[in-house]
Amino acid sequence: MRLLTHNYLQSNVKGTEEGYPLGIVPETVEIEKSPVDRELLLSILPKLNYDAVHQAVAQLRLHCSTLPKLPSTLPENISNDENLVNDLYFVLFDVHVKNGCLVCPATQRKFPIKDGIPNMILHEDEI
Amino acid sequence: MTEFHRLPSKHDEQHSEQWEKLNTEAEIRAKKEPTAPMPDLDHLTSDDFQHVYEPASDTFLLIDAIQYELRSGLFRDRLEPVIALELGCGTAVPSVFLRRHWQDVKYFRPTLLSFATDVNPRALEVAQSTVKIADPHPHFFEFVRCDLASSLLNGLHRRVSILLFNPPYVSTPDEEVGGVDIEASWAGGKNGRRVIDRAISQIEHLLEKPYGMAYLVTVEDNNPFELAQRFQQLGLKMRPLLRRKAFNERLTIQKVEWI
């Protein structure tokens with residue numbers, strides 16, 4: 001699971017008003033380096049929730065200290081800041097949470113991540 | 001393609017005739033379309049296919065439809081990245097096919113970000129292994145185990161440009177719907193519509209405006225004419241794109257887009 005995917009995921013447990021953003025408790029994190037695609041990053045940035053990216057990276061840094069520290073708010077002229085572009089591309093596209101779990105912020109329900117695939121299936125009494 | 005200018009009604013003979021004409025056109029298009037090459041699945045075993053739907057006529061018609069759309073210039077010259085989402089992906093052959101041929105031939109196309117969901121964990125395992133072997137680099141293909149797009153509805157709201165769905169369309173007793181093994185790939189409940197009907201509002205919620213489109217497999221039991229009306233009420237147009245007779249059913253790839 002890449003952090004871009006995490007950014008789009010929500011918990012739907014019954015009674016949850018705001019099942020977003022999901023907490024991350026990582027067990028295995030793998031880095032697969034890919035060439036930085038600047039255009040892709042700049043066009044995807046407006047389509048994601050930056051606070052959720054920031055929170056996810058802060059949680060992953062506890063486990064994986066090599067991850068870059070991100071600013072708590074996104075500067076306006078990001079396209080001039082090459083280091084930040086590279087860091088954001090890296091955390092969104094190259095970092096893979098292979099095992100661990102996601103945690104619903106409202107109910108603390110845990111969703112396991114196995115081999116990079118989060119399991120968001122709910123039990124009948126949770127729907 | 002023949003167009004409707006008002007809501008088609010089941011009891012309106014004229015529109016029923018028009019629908020049949022659209023079906024005939026889709027049959028002709030399917031006849032003319034060269035067979036799309038299947039991604040290699042040699043790494044999968046017969047045991048895998050005890051639990052995961054093995055690509056069959058419906059899968060083949062869906063990849064033919066993707067090939068037809070790519071050849072017709074789908075999303076050519078667009079700059080924004082394209083998000084594709086496959087619901088109930090099984091082996092994810094349609095998504096893998098789309099990715100393999102995305103940068104084909106003469107058109108420029110932007111980066112394709114692919115997502116796929118399934119309730120069946122074995123299907124996702126198989127799909128992931130297929131992506132590793134058959135997906136071109138650099139690949140972006142992410143899997144989520146969930147029911148239809150339920151966990152991605154807010155995140156991908158109006159962001160999906162290409163939605164692929166080969167639903168469980170077989171008419172079965174309703175009790176057979178809701179499994180998480182191979183039966184989930186076909187058991188569709190009454191008229192094979194139980195899962196399709198739940199997907200209608202999700203498709204409407206996810207599709208990007210105005211260019212997003214969905215490709216959906218149906219058979220005659222599903223009453224596609226009535227399904228088209230349901231989509232029309234949500235501002236979406238559903239029309240047969242490719243159509244082919246297979247064994248005992250008439251498979252159709254329905255294309256859904258904003259009116």
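Residues 24 or more positions apart account for 72% of the contacts in chain A with a separation of 6 or more. The model is predicted. In chain B, 74% of the contacts between residues at least 6 apart in sequence join residues at least 24 apart.

Chain A holds four helices and four strands. Read from the N terminus, these elements follow the order α-β-α-α-α-β-β-β. The radius of gyration of chain A is 15 Å, close to the 14 Å that the globule rule gives for 127 residues, so chain A is as compact as a globular protein of that length. Along the principal axes, its C-alpha atoms fill a box of roughly 50 × 25 × 25 Å. Of the 127 residues in chain A, 30% are buried.

Strand S3 of chain A covers residues 110–114. In a regular strand, side chains alternate between the two faces of the sheet.

S3(A) pairs with two strands. The partner S2(A), residues 95–103, runs antiparallel to S3(A) and is joined to it by four bridges. Here Val103(A) stands opposite Lys110(A). Six residues lie between the strands of this hairpin, and Gln108(A) takes a positive phi near 65°. The other partner is S4(A), residues 117–118, which pairs with S3(A) in the antiparallel sense over two bridges. In this pair, Lys114(A) stands opposite Ile117(A). S3(A) and S4(A) also form a hairpin, with two residues between them. Asp115(A), in the turn, has a positive phi of about 50°.

Chain B contains seven helices and seven strands. Their order from the N terminus is α-α-α-β-α-β-α-β-β-α-β-α-β-β. The radius of gyration of chain B is 17 Å, close to the 18 Å that the globule rule gives for 259 residues, so chain B is as compact as a globular protein of that length. The C-alpha trace of chain B spans about 50 × 45 × 40 Å along its principal axes. Buried residues make up 47% of the 259 residues.

The largest nonpolar core has 100 residues. Those with the most contacts inside it are Leu62(B), Ala65(B), Leu85(B), Ala127(B), Leu163(B) and Ala214(B). Helix H3 of chain B, residues 57–71, gives the most to this core, with seven residues. Leu62(B) has several contacts beyond its neighbours in sequence. Leaving out residues up to four places away, Leu62(B) touches Pro94(B), Leu164(B), Asn166(B), Tyr215(B), Val217(B) and Ile253(B).

Glu25(B) lies in helix H1 of chain B, residues 13–32. A residue counts as buried at 20 or more other C-beta atoms within 10 Å, and as exposed at 12 or fewer. Glu25(B) has 17 such atoms, so it is partly exposed. The C-alpha atoms of Glu25(B) and Phe141(B) are separated by 34 Å. Along the chain, these two residues are 116 residues apart.

The two chains touch each other. At this interface, 20 residues of chain B are in contact with 22 residues of chain A. Strand S3 of chain B, residues 141–145, supplies the largest share of the chain B side, with four residues. By class, that side has 10 nonpolar, five polar and five charged residues.

Notes. Residues are numbered from 1 along each chain as its sequence is written. Chains are lettered from A and ligands numbered from 1 in the order in which they are written. This is a predicted model: local features need pLDDT of at least 70, side-chain atom pairs count only at pLDDT 80 or more; totals for chains, interfaces and linings use all residues. Two residues are in contact if their C-beta atoms, placed from the backbone, lie within 7 Å. Ala, Val, Leu, Ile, Met, Phe, Trp, Tyr, Cys and Pro count as nonpolar, Asp, Glu, Lys and Arg as charged, and the others, Gly among them, as polar. A nonpolar core is a set of buried Ala, Val, Leu, Ile, Met, Phe, Trp, Tyr and Cys residues joined through C-beta atoms within 7 Å. The radius of gyration is taken over C-alpha atoms; the globule rule is 2.2 Å times the number of residues to the power 0.38. Two strands pair if DSSP finds at least two bridges between them.
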